[in-house]
Amino acid sequence: MSEPLVLGFETSCDETGVGLVRGQTLLSDALATSVAEHERFGGVVPEIASRAHLEAMVPTVHRALAEAGVRASDVDAVAVTAGPGLTGALLVGLAAAKAYALALDTPLYGVNHLAAHVAVDELQHGTLAEPSLALLVSGGHSSLLLVPDLAREVQSLGRTIDDAAGEAFDKVARVLGLPFPGGPPIDRAAREGDPQAIGFPRGLTGPRDAPYDFSFSGLKTAVARWVEARQRAGEPVPVADVAASFQEAVADVLTAKAVRACRDHGVDHLVLGGGVAANSRLRALAEERCAAAGIVLRVPSPRLCTDNGAMVAALGSRLVSSGVAPSSPDVGADSSLPIDVVTR
Amino acid sequence: MPPHRRTLVQEEALGPLPWAVVLVLALDTATPTLVAGLARWSPDGATEVLAERAVPSGNRHAELLTVAVTDVLRDAGLALADVTAVVTGLGPGPFTGLRVGVVTAAAIGDARGLPVVGVCSLDAVGSGVRTVVTDARRKEVYWAAYDAAGARTDGPGVVRPEELAVTGPVVGDARFAERLGVEVTPAEVTTAGLVRAAAPQLADPSSAAPLVPLYLRRPDAVPPTSFKPVTTS
Ligand SMILES: [Zn+2]
């Protein structure tokens, strides 16, 4: 008997993702994005994202099925992000997933978006070592997770106390006159810059600070102050150096805390996920520090690090194979779904 | 309002239904009461409602709609495989709830290869000559006006009740009677009303319009004219 075919839906932010996974094999990962529609607002506008999800939903399902070469009637289970995320956006995916599950007569799993970011790595690197640590960084989240059992038990060790790391990238990009979203252009600009040029602050790294929490608000403000001081003085802004120094500060804090958490908890596997995990400096520094600490680092390809439907299908597949009970038919979305709820 | 840029949802047009009698699954989430119903419709206009659930679900449409669909199928002793067309209200209504019904209808139709027909939800409230009003929040109402034959003559629109000039009977959300200055006969979206409104498109599903919600309002988002310096914001 072949492994179960799982259809996954992701609509927690501005990406409409529909993916198909069989066991741990990625079959398709169809994506529609409304990112361009948010650009002029400098951030994701929830209502615009929700409207775009509705328009994109059925065509994206069709693309996912076509890419995978399967029919809807072949699907064995449906999984959907039930939170955390933007409520209106989540509800489009949830309602669609529930309708497909009903119409295809399959079980439905409402799952945690953050756990799905971890699960997606199984599509590229096989079954996760348990326990693992996961560092998830994106425009919406910055979290350090301990994962004793991906299907049933995920614990939050730390999280951002203010901005998500990706938000800091967006705001710094704006200050530097770079486009939205800020991650890729800062990464590009930083290649020409000196990461040691400016000593930007490392938030929450003092001896009395929470060891695994993050703060990026102070860093963002420090970068803006530095740039504005230059502008007021009529001096040119060294964009590449600012980008490189900012990026270094983010990567330094994230990787130092992740490696420390691994050591403190006796865990020797670290998974990166989220859009910021596509950042080249974060990946390089994580590799360096993990190698030095004897930690096995697992990083999905950039395409799978950002939000997508395959990650939800991957977690759904893990839940099916672990024998976890499906969600109740009246499952809802929860914009602030806690991480210890893997499936609801 | 011009149609929204991209249109969804049903990619292939479907030809006239080959069946003399259509078993319709009707859905609406444009108001705080979600509606799921099953009806037999025949091209001679006869509509027989087999089962209906009207659930005062507030903002829990996404939780309860598919449950209501399962319930009406059980009530009618039918399976989803027996359904031959889906009708859904396109609003106007509060956006988040409205989308639940539209995407549910689109997904069920897609998964089972059924035509999906969208109608103005106000068309499914009351009958005959009337003005329909429903809650648009923000102290406004959604409204539309109908002639004696039940054809929509004006609207749908969104307006402050004080500014809505009504003649003839008003039906819908009676909480607005005082602000409208007229009596409002309570009435809600019904399965029969949805199927009646869908009749022309059920007769020829290839004429069905794209499933685009009647938002009537633009998203609340104003592009910043200039970004304030971070340090002073
Ligand atoms: Zn994410």
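In which order do the five strands of the open sheet of chain B lie, and what is their pairing?

Modeller: Happy to. First, the ground rules: this is a predicted model, in which local features need pLDDT of at least 70 and side-chain atom pairs count only at pLDDT 80 or more, while totals for chains, interfaces and linings use all residues. Residues are numbered from 1 along each chain as its sequence is written, chains are lettered from A and ligands numbered from 1 in the order in which they are written, and side-chain values use heavy atoms, with hydrogens and water left out.

The order in chain B is β3-β2-β1-β4-β5, and the pairing of this five-stranded open sheet is mixed. (Strands pair if DSSP finds at least two bridges between them; helices, H or I of at least four residues, and strands, E of at least two, are DSSP runs numbered from the N terminus.) At the edges are β3 (47-56) and β5 (116-119) of chain B, which pair on one side only. From one strand to the next, the twist averages 15 degrees. (Angles run from 0 to 180 degrees between N-to-C directions, and axes are lines fitted to C-alpha atoms, for helices over the stretch in contact.)

Look next at β4 (residues 85-89) of chain B, which pairs with β5(B) in the parallel sense over four bridges. There, B:V86 has B:V116 of β5(B) as its bridge partner. Helix α2 of chain B packs on this sheet, where α2(B) touches β1 (22-28), β4 and β5 of chain B, and the direction of α2(B) makes about 170 degrees with that of β4(B). (Contact means heavy atoms within 4.5 Å.) Helix α4 (residues 191-203) of chain B also packs on the sheet, touching β1, β2 (33-41), β3, β4 and β5 of chain B, with its direction at about 55 degrees to that of β2(B).

The loop between β4 and α2 of chain B holds B:P92, and the peptide bond joining B:G91 and B:P92 is cis, with omega about 10 degrees. Another cis peptide bond joins B:G155 and B:P156, with omega about 5 degrees; B:P156 sits in strand β8 (residues 152-159) of chain B.

Now follow α2(B) across to the other chain. The axes of α2 (residues 46-68) of chain A and α2 (residues 95-112) of chain B come within 10 Å and cross at roughly 5 degrees.

In chain A, five strands form an open sheet in the order β3-β2-β1-β4-β5, with mixed pairing. Its edges are β3 (25-33) and β5 of chain A, each with a single partner strand, so one side of each has no neighbour in the sheet. Here the twist averages 20 degrees from one strand to the next. Strands β1 (residues 5-10) and β4 (residues 77-83) of chain A pair in the parallel sense over four bridges, and A:F9 has A:V80 in β4(A) as its bridge partner. Helix α2(A) packs on this sheet, touching β1, β2 (15-22) and β3 of chain A, and the direction of α2(A) makes about 150 degrees with that of β3(A). Finally, α12(A) lies across β1, β2, β3, β4 and β5 of chain A and runs at about 135 degrees to β1(A).
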